[in-house]
Amino acid sequence: MRVISGSRKGLPLKAVPGMNTRPTTDKVKESIFNMIGPYFDGGIAVDLFAGSGNLGIESLSRGIDTCIFIEKDPKAIQTIKDNLTKCRLEDSGEIFKADATRAVKAIEKRELKIDLLFVDPPYDKLVYYDLVQSLVDKGCMSKSAIIVCEHEKNVTLEKSYGDFELVKKEIYGGTVISIYRCLKEEEN
C-alpha cells in the first residue's frame, strides 16, 4: 500500500498486522478517488472503519483539511498513528478509539459537517450501514458531501440515504464501491 497521489504521493503505508482488516487495494483506492475527486479543496473527511487509515490518508494527501479516523482495534489504531507520522500528517488526523456507533454519536454532538465519508465495515456487519442514515438524519453531512461505501458483491445497499442518492456503483472482483451524493439543490 502507498499514497497514490497528492502532496504525499509515493509514500508507503503499513498494513494492520493480522487478519482482522481488509485493506483497500491501491487499484480500488485509485478508482475511488478518480470517481469522487480526484482532489479536494479542504473539508472534513471521516474514515468510519479506518483500519490502516489508507483511505483517510489518501484524502488528506489530495487536499482534505482534516480526517477523523474511527477504529476500535488497538493494532489498527497504532498503524494509523504510524502511517500519519510517516506521512507527516499527524496534525491533520484525529483518531477516535471507539466503536463506530459511539463515534457517530460523538460526531453528532460536535455538530460536524462531513464532506467525505468512507464506510467500510466488516462485511458481515451490515447493520453498520445504518450509521450512514443516522449521520444524514442528524444533519452531519454537508450538502456537497460524498459518501463512499465498500461492501461485498452479494450485498445490496439502499438506493438512497435521505437526500443522498446512489450515483455510481463499481464492482472490483468480490468488492463493490457504492458512491452517494446529494442531488437535491439547496433551497433558498
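Before you click on anything, one term: a residue is buried under 20% relative accessible area, exposed over 50%, and partly exposed in between (1.4 Å probe, protein chains only). What you have open is a predicted model, where local features need pLDDT of at least 70, side-chain atom pairs count only at pLDDT 80 or more, and totals for chains, interfaces and linings use all residues. Residues are numbered from 1 along each chain as its sequence is written, and side-chain values use heavy atoms, with hydrogens and water left out.

**Stop one: a salt-bridge network**

Select Arg2. At 35% relative accessibility, Arg2 counts as partly exposed. Its side chain meets that of Asp26 in a salt bridge, 3.7 Å from N to O (the term means a side-chain nitrogen of Lys or Arg within 4 Å of a carboxyl oxygen of Asp or Glu). The two are 24 residues apart, with Arg2 in the segment before α1 (26-36) and Asp26 in helix α1. Helices here are DSSP runs of H or I, at least four residues, and strands are runs of E, at least two, numbered from the N terminus.

Next, pick Glu58, whose side chain meets Lys29 in a salt bridge at 3.3 Å, N to O. That pair links helix α2 (residues 54-61) to helix α1, 29 residues apart. Shared partners join Arg2, Asp26, Lys29, Glu58 and Arg62 into one network.

**Stop two: the sheet**

Switch to cartoon view. You'll find an open sheet of eight strands, ordered β3-β2-β1-β4-β5-β8-β7-β6, with mixed pairing; two strands pair if DSSP finds at least two bridges between them. At the edges sit β3 (93-97) and β6 (160-161), each pairing on one side only. Helix α3 (residues 74-86) packs on the sheet, touching β2 and β3. Then zoom in on Val46, which stands opposite Ile68 in β2.

**Stop three: the cores**

Which residues touch the most other members of the largest nonpolar core? Select Leu117, Met141 and Ile147, out of 32 residues in that core. Such a core is a set of buried Ala, Val, Leu, Ile, Met, Phe, Trp, Tyr and Cys residues joined through side-chain atoms within 4.5 Å. Elements supplying at least two residues each include α4 (100-110), β4 (114-119) and β5 (141-152). Finish with a second, separate core of 27 residues, which includes Ile64, Cys67, Ile80 and Ile179.

Note on methods:
Contact = heavy atoms within 4.5 Å. Axes fitted to C-alpha atoms, helices over the stretch in contact; angles between N-to-C directions.
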